[in-house]
Amino acid sequence: MKLRGLVIGIAVGGFVVAGGVKACAAKTTRHTIEDRVATIVAKKPQLKGVAKSSGGKLKIFVFKNERSVEVHAPGWRMPRIYPMTAFSGALGPKLREGDGQIPEGVYGIEYLNPNSSYHLSLKVSYPNASDRKRAKADGRTNLGGDIMIHGKAVTIGCVPVGDDAIEDIFYLAASVGIKNVSVIIAPYDMRKGRNPELERSSLAWYPDLLCEISTALGVN
């Protein structure tokens, strides 16, 4: 019996055979951290020595006013400074979901995402215990989250550094382990001297937060 208008599709070896014609089936590639690391070090073999000599610690300083990300690994004689490729919000901490603010404080990394829509990303541990404590005292809820250091050049409250830079940071973080990565996000680089003009806020607890950040940066 001959059926008109009927297209029969059979999946064969990653193709779809439809009406006798092969058509490529859509395939979604899912990367692992391991294969991303392998790809990065194949392209940037100099990073392998840095990770080996890093002493297991990686520090990432984010300076909002300077729009820069400073990465410290003992395998580098000097820290690497990467420009932020986009920025949102203003100086001052993140208070709630949707405010567009980049957080300020002392954080860790919760996980690495090898399949980020922004090439690669590292999840910052915002909100931390201090953020939650201050929000509770203020009566604030819905603090937001999903703050990332990532590639590309777009952001709403995250820290974008472009694709080339995020490969360096991703590789080093994966190599030392996320428990050995610290992230300090500051309104400005306090190591060059405190600037009251950049510390203005109506929040009663903001001076305490600035003290936490300056201590983490090694500023007395």
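Biologist: Are Phe-61 and Phe-63 buried or exposed in this model?

Modeller: Both Phe-61 and Phe-63 are buried. Keep in mind that the model is predicted.

Biologist: How many aromatic pairs does a search of the whole structure find, and what describes such a pair?

Modeller: A pair of aromatic rings is described by the distance of the centres and the angle of the planes. Here a search of the whole structure finds two aromatic pairs. In one of them, the ring centres of Phe-61 and Phe-63 are 6.2 Å apart and the planes lie at 65°, so this pair counts as edge-to-face. Tyr-107 and Tyr-126 also form an edge-to-face pair, with 6.3 Å from centre to centre and 70° between the planes.

Biologist: Which parts of the chain does the pair of Tyr-107 and Tyr-126 link?

Modeller: Distant ones: Tyr-107 belongs to strand 7, while Tyr-126 is in the loop between strand 8 and helix 3 (129-138), 19 residues apart.

Biologist: Why is Tyr-107 called buried, and why Tyr-126?

Modeller: The cut-off is under 20% relative accessible area. Tyr-107 has a relative accessible area of 4%, so it is buried. Tyr-126 has 3%, so it is buried too.

Biologist: Where is the charged end of Arg-67?

Modeller: The charged end of Arg-67 sits over the ring of Phe-87, 3.6 Å from the ring centre.

Biologist: Now the nonpolar core. Which residues of the largest one touch the most other members?

Modeller: In soluble globular proteins, nonpolar side chains tend to be buried together. In this structure the largest nonpolar core has 40 residues, and Val-69 and Ile-169 touch the most other members. Elements that each supply at least two residues of this core include helix 1 (33-43), strand 5 (68-72), strand 7 (105-113) and helix 4 (163-176). Helix 4 gives the most, with eight residues.

Biologist: What does Val-69 touch, leaving out residues up to four places away in sequence?

Modeller: Among its contacts are Ile-60, Phe-61, Val-62, Ile-81, Met-84, Val-161 and Ile-169.

Biologist: How many cavities of 30 Å³ or more does a search of the whole structure find?

Modeller: Rolling a probe the size of a water molecule over the atoms shows where empty space is left. The search finds one cavity of 30 Å³ or more. The largest cavity holds about 40 Å³ of space.

Biologist: Which residues line the largest cavity?

Modeller: Its lining is made up of Lys-94, Tyr-126, Asp-131, Arg-134, Arg-140, Leu-143 and Trp-205.

Notes: Residues are numbered from 1 along each chain as its sequence is written. This is a predicted model: local features need pLDDT of at least 70, side-chain atom pairs count only at pLDDT 80 or more; totals for chains, interfaces and linings use all residues. Side-chain values use heavy atoms; hydrogens and water are left out. A nonpolar core is a set of buried Ala, Val, Leu, Ile, Met, Phe, Trp, Tyr and Cys residues joined through side-chain atoms within 4.5 Å. Buried means under 20% relative accessible area, exposed over 50%, partly exposed in between (1.4 Å probe, protein chains only). Helices (H or I, at least four residues) and strands (E, at least two) are DSSP runs, numbered from the N terminus. Contact means heavy atoms within 4.5 Å. Rings of Phe, Tyr and Trp (its six-membered ring) pair if their centres lie within 6.5 Å; planes under 30 degrees apart count as stacked, over 60 as edge-to-face and the rest as tilted. A charge sits over a ring if NZ of Lys or CZ of Arg is within 6 Å of the ring centre and within 35 degrees of the ring normal. On a 1 Å grid over the protein atoms alone, a cavity is a set of points where a 1.4 Å probe fits but cannot get out, and a pocket is an open set with protein on both sides within 12 Å along at least five of seven lines; lining residues have an atom within 4 Å of a point. Grid points are joined across faces, edges and corners, and a volume is the space filled by probe spheres set on the points.
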